[in-house]
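Please load the model in a viewer and follow the selections below in order.

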Amino acid sequence: MRNRQKDEIMRDILHSAKDGLGITRIMFHAYLTHNQAKEYIQALMNSELLKLDVESGSLKRYSTTPKGLEYLNAAEDISRLLSINTRRAVKATGFLF
């Protein structure tokens, strides 16, 4: 597998956090270490693309903001227009060009 670009990792996080996820599930879905996930989550929160939802108890869940959904849709449109193959696109089509 090729190395992913920063924007692809950010899209993976935003995509996986659409319905709200904890950091462990984000790590699993985006194939990141804990330190990488914390770094990317902080950057996305600073950009207001991701928000922290504190539920009852000490459960922390991150969810994609409306601005994050806009970013995600725009980034996916650009990828589709430029025929950029991402890990998610390969999964959907079954092959890599």
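Is Arg-11 buried or exposed? Select Arg-11: this residue is buried, at 5% relative accessible area, where buried means under 20%, exposed over 50% and partly exposed in between (1.4 Å probe, protein chains only).

The model is predicted, so local features need pLDDT of at least 70 and side-chain atom pairs count only at pLDDT 80 or more, whereas totals for chains, interfaces and linings use all residues. Residues are numbered from 1 along each chain as its sequence is written, and side-chain values use heavy atoms, with hydrogens and water left out.

Asp-7 forms a salt bridge with Arg-11, with the closest N and O atoms 3.4 Å apart; the term requires a side-chain nitrogen of Lys or Arg within 4 Å of a carboxyl oxygen of Asp or Glu. The two are four residues apart in helix H1, so about one helical turn separates them. Asp-7 is partly exposed, at 37% relative accessibility.

Now move to helix H4 (residues 66-81), where Asp-77 and Arg-80 lie three residues apart. Helices here are DSSP runs (H or I, at least four residues), numbered from the N terminus. Asp-77 and Arg-80 form a salt bridge, their closest N and O atoms being 2.4 Å apart. Asp-77 is partly exposed at 38%, and Arg-80 is exposed at 57%. The whole structure holds two salt bridges.

Finally, select Leu-44. Leaving aside neighbours within four places in sequence, Leu-44 is in contact (heavy atoms within 4.5 Å) with Met-10, Ile-13, Leu-14, Leu-49 and Leu-50.
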